[in-house]
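This report describes one protein model for a reader who has not seen it before. The sequence and the structure come first, and the notes follow.

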Amino acid sequence: MDAAALVMRVDERSQEMVTASDGWSEAIEELQYSLGEGPVAEARRGGDPVLVADMKAERARWPWYAAASAEAGLGAMFAFPLHVGGIRLGALNLYRRRPGGLSADALADAAVLADLAALALLESELADEHEKLRMEVSYQDVRLATGVLAAGLEIGLEEAFARLRAHAFAEHRTLVAVSRDVLEQRIPVDRLAN
């Protein structure tokens, strides 16, 4: 593997990046979150690992994400859901710059690592405040901007989030960057009315 990230995602809007091995893996994760498609969302919904040996071959499955991530240099990606019983927490994501699948041993090792990561995250949530894991990248601004937009336009949270995501996509920007602009009033709420 060339990189990895550990992401908490309880639904399409709520995400926190626990850690990422480097800036490249952070950017790959941000693409998934901003575009709303990719292996993480599928792994979280389905509960099974999503193993992508060749990202370019997945354009029918995830048209926007497959193209954008391949352009960013992603050849292969393996998303392992983090869950404890019925509690779904997010995903452990492994990235490779070149296409290629996982060996049986690597697949087994990654599954065990995902289980250990899920337990660590759950323990962290139950721990005292000073013992909790610190999130490397917070998407709190997206949640706040979604609320601001929903209140300002008198629409639901899902619709507000969809409008933020659409604006980010149209402007070729990240969802976090657009959300910060909404919060700082650099993008007026009425500009996202349509």
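Helices (H or I, at least four residues) and strands (E, at least two) are DSSP runs, numbered from the N terminus.

Glu-154 lies in the loop between helix 5 (140-153) and helix 6. Its phi, too, is positive in a residue other than glycine, near 55 degrees. Glu-154 counts as exposed because its relative accessibility is 74%.

## Basis of the model

The model is predicted: local features need pLDDT of at least 70, side-chain atom pairs count only at pLDDT 80 or more, and totals for chains, interfaces and linings use all residues. Residues are numbered from 1 along each chain as its sequence is written, and side-chain values use heavy atoms, leaving out hydrogens and water.

## The largest pocket

His-172 also belongs to the lining of the largest pocket, together with Leu-31, Ser-34, Leu-35, Trp-64, Ala-68, Ala-168, Phe-169, Arg-173 and Thr-174. Helix 1 (23-35), helix 3 (63-71) and helix 6 (157-171) are the elements that give two or more residues to this lining. Helix 1 gives the most, with 3 residues. A pocket is found on a 1 Å grid over the protein atoms alone, as an open set of points where a 1.4 Å probe fits, with protein on both sides within 12 Å along at least five of seven lines; lining residues have an atom within 4 Å of a point.

The largest pocket holds about 160 Å³ of space, where grid points are joined across faces, edges and corners and the volume is the space filled by probe spheres set on the points. Its lining divides into 6 nonpolar, 3 polar and 1 charged residues. Here Ala, Val, Leu, Ile, Met, Phe, Trp, Tyr, Cys and Pro count as nonpolar, Asp, Glu, Lys and Arg as charged, and the others, Gly among them, as polar.

## Strands

Strand 1 (residues 3-9) runs antiparallel to strand 2, joined to it by 5 bridges; strands pair if DSSP finds at least two bridges between them. In this pairing, Val-7 stands opposite Met-17. Strand 1 also pairs with strand 5 (residues 87-96) in the antiparallel sense, over 6 bridges, and there Ala-3 is opposite Tyr-95.

Strand 1 is largely enclosed by the rest of the structure, because 6 of its 7 residues are buried. Strand 2 (residues 15-20) is mostly covered, with 5 of 6 residues buried.

## Nonpolar cores

Tyr-95 is also among the residues with the most contacts inside the largest nonpolar core, which has 37 residues; the others named are Met-55, Tyr-65, Leu-74 and Leu-164. Such a core is a set of buried Ala, Val, Leu, Ile, Met, Phe, Trp, Tyr and Cys residues joined through side-chain atoms within 4.5 Å. Another core, of 15 residues, lies apart from it and includes Phe-78, Leu-94, Ala-114 and Ala-118.

Leaving aside neighbours within four places in sequence, Leu-164 is in contact with residues including Val-142, Leu-149, Val-178 and Leu-192; contact means heavy atoms within 4.5 Å.

Conventions:
Buried means under 20% relative accessible area, exposed over 50%, partly exposed in between (1.4 Å probe, protein chains only).
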